[in-house]
Structure formats: structure tokens, C-alpha cells
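Visitor: Hi, I'm new to this one. Can you walk me through a bit of it?

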Amino acid sequence: MHPSLTNFRSTWLFNLRGDVLAGITVALALIPEAIAFSIIADVDPMVGLYASFCIAVTIAFTGGRPGMISAATGAMALVMVTLVADHGLEYLLAATILTGFLQFIAGVLKLGRFITFVPHPVMLGFVNALAILIFQAQLPQFEGATWLMYALVGLTLVIIYGLPRLTRALPSALMGIVLVTALVFTTGWELKTVGDMGTITRTLPMFALPQVPFNLETLRIIFPYALTLAMVGMLESLLTAQLLDEMTDTRSDKNQEIRGQGIANAIAGCFGGMAGCAMIGQSVINVKSGGRGRLSALVAGIFLMVLILAFGDVVMRIPMAALVGVMIMVSVGTFNWNSLLQMRRVPVGDSVVMLSTVATVVYTHDLAKGVALGVALSAIIFGWRIARLKVVSELSEGTKNYRVSGQFFFATCTAFTESLTPLDDPDTVILDFGDSHIWDLSAVNAIARQREKYESLGKTLRVVGLNPESQKLVDRVGLGAPAGH
């Protein structure tokens, strides 16, 4: 068999039944979310639906994480609110295209590797906060609701968690939606439906460039929003990809994913859609429903448009109770419950980082701010933990030996300086860095200042024991006059 055909089968057809059924399930859940995110951004519901279709279909071919679902998202919609309010839809579409270009460039520059700088406690905080936000997003559906709403949400959850005990032939989330919808159709109960969230227009998206002036003033307006959208989209997509890597015990190409997200957003902007990124909730639904390959994302996008064009009236009558039940299942499944049990065993600093990330994301509804704070806190705590420098002195045959142990960088320079006694030391002093590592310019400067001080007193300061990396840094900077003198 030809290698290209073998590769096609291994990435597209190896899980045909599971990917198709999972994609159908995801498509049903995408509709109310796309409409809801459009409402958040204050644009027509079709803007979110077109975005979800274009991004899901495009990312199936261009993404680096098979089985991950990308579409219009709440995190991105929150960034768009001010832009739409101040300048309108056309500027949003222009910003969406620019977002795609920025993400593609980031992928070409291989910035995906920076996901490795996100510590595990931050990852846990991100996941747990997102689970809480998904749950909170369902609460407005219960405002003014009768007991019937609660009962049908409960019935949906019973089907979702009970059906797998009887059979795994069909995704339980899909069956929950189908059975509860059929029950409401049959009984004629009056309940809030998908149609109550916005009107669905039965038209295909059409290619059209944004109607904005192509000048520097437009760039000045859209660039800050596009940059923020690009960062939030990359962050959420990379963290979601890493989560799915762990869930499926597979690896994915993070840089290809960034490039793919960029291409998908650029295409979405050209077809009247808003910027989007990976959706952790829908991705979890996809994986838990059996989706593993690229086909699941393609089916989700295509079936979403089929539902809109052919069954728009039926889709608008799906009770929100069924979809709320599915999203509560996603929330419960997304939350890492073990992280709560492990809090007594892990270092206090890690628990603080996780809880701070959760609190920030839940309070601001901004994943980027929460993760940024978590990473910053982790860096500070890490720096505090390693800022331990030990200097032991020994006098031997008229020579003072200082043996330095630990990490030598800006945070330990004061401890190093305070350990030396130039006025009381003999004429020959040796600094032994055999058990230390010099990390930065501050450390080299600290050595240079001490050397200068000893020389001003007519004494000799020798530096020995540097490892290759430290020696290379010292040679490059030099131990002459300290930088800044």
C-alpha cells in the first residue's frame, strides 16, 4: 500500500464509527454555544455559527491535535466586546483575519514549545477553572425555570451516566439529547429551546473581505485586539491539546496546531465568522464520545452546517435542558477532582498557584490572565526555593578559600557579597565555584565587584571550579570592570 494512503487511513479512517458519532454529538452541542458566544460579543448568531463551521472543518486538515474540536469560544468572545461596540462587525472580521496571520507566524517561529513553561499546578488551575466556568454558564438557563427543567436536566444526566452500563454502542451524550428531545416533542411541553437563544438563517457562508479601509489607522484599531485574540487562542488551544494528550496517551504537534489555528481563523474572517480556538468542553465531549481522529472535527463542522441548512427548524426546537445536561457532564468530567485530594500532600506553593489560577479565571472570565498569574507566581516561588547560596570559608597557608554552593543568580548576589570579608582577608583569596552554577549577568557582576574591591586593597582574588556553562558566561561578560561602571 502506498505510504500516503496508509497515512490517510491511520489519521482519518482508523476510528470511522467512533469519529462520526462523536462528531454528530459535538455538532449538536456546538449550536447553542456558538449562539451564546455571539450574544456575548454582541453580533448576529450566524457570525458564531459560521465561525464554528469554518474553523472546525479547516482545523480537521490543518491542526496538529487529532480529535480536538475548535470553534467560536467564550474566552475569545469576551475580548471582542469592546471592538464590536466601538467599531462594528466589519472591524471584528478584519481583526479575526489578522489574528490568523499572527498565529500562523507564531507557529512558523515554533512558539508552541513555550507550553512547556506552564507548570502542572497552573494546568490544573486552568482545567478546574474552565470546568467551573462551563458549569456557571449553564446557570442562567435555570432562571425562572419550572420543576420540569430540573427534571429533564436530571433525566439527561441519568441517560448519560446510565446508558454506558447497558451498552456502549452509541455515545450516551448524543442519546441523551435525542431521547429528551423526542420526549418533549411527544408531550408538547413548553420549555426553553435552542431557538430562544437566537434566529438561525438557512444560508451558507459567503466569501467576502471585510469592508474596512486598508490603511494604518485600521491596523492601529484592530492590532491590539488581534494580538490579544491570538495570545488567548494559542494559550487555550495549547493547553487543551496538552490535556487531550494526557487523556488519550498520545502526542501532538503544538506548532502545527498553532499554524492550523491561524489558517482556520483567517478563513473564518473571510467567511463572516468571528475568531475562535480549541474548545476544551467540546473536545472532552468528543473524546468521551469516542472521537479520536481528524474525521471527528470534520464531521462536527459539516454536520453543524447540515443541521442549520436542512434541519434548522428541528434544531431550534431542541430543549436547552438536554444540552445543559450534556454541559454539566462535561463540567464534572473536566474538573480534576484528584487535585483537591492531593492538596494536603503537595507543597503549599503549588496549591497556592493552582487556587490563584482558578480564582483569577473565575473572577475575570479570562483564561489568559489566570494562566499568566499562575506562571508568574510559579516563577516567584521557584526563585524563592532555589535562592539558597552557601559560602564556606577556610584559611590554609596564608590563603583564604571560599567554597560557594548553590545557584548563583540575581536573587543570591546579596548573600554572596555578605559572605566575603575583603578587609580581613589575606593577600590571596580563592573563590571555588565547584558546587555552584552561575546563571546571569547579576552574578558575574557580583564577582567582578568583589574582584575590583580586593584589587583596590592590593589583594589577589582568583576564581576556580567553574563548570563549562558558567565559564562560558564569565568569558563572554568578563571579570574586568562590572557592567554599568
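Guide: Let's talk about a pair of helices, then the cysteines. This is a predicted model, where local features need pLDDT of at least 70, side-chain atom pairs count only at pLDDT 80 or more, and totals for chains, interfaces and linings use all residues. Residues are numbered from 1 along each chain as its sequence is written, and side-chain values use heavy atoms, without hydrogens and water.

Visitor: At what angle do α2 and α8 pack?

Guide: About 50°, with the axes 9 Å apart; α2 covers residues 16-41 and α8 residues 172-187. Helices here are DSSP runs of H or I, at least four residues, and axes are lines fitted to C-alpha atoms over the stretch in contact, with angles from 0 to 180 degrees between N-to-C directions.

Visitor: Which residues meet there?

Guide: From α2, Leu21, Ile24, Thr25 and Leu28; from α8, Ala173, Leu174 and Ile177. Contact means heavy atoms within 4.5 Å. By class, that's 6 nonpolar, 1 polar and no charged residues.

Visitor: New topic: how many disulfides are there?

Guide: The count is 0, taking a disulfide as two cysteine sulfur atoms within 2.5 Å.

Key. Helices (H or I, at least four residues) and strands (E, at least two) are DSSP runs, numbered from the N terminus. Ala, Val, Leu, Ile, Met, Phe, Trp, Tyr, Cys and Pro count as nonpolar, Asp, Glu, Lys and Arg as charged, and the others, Gly among them, as polar.
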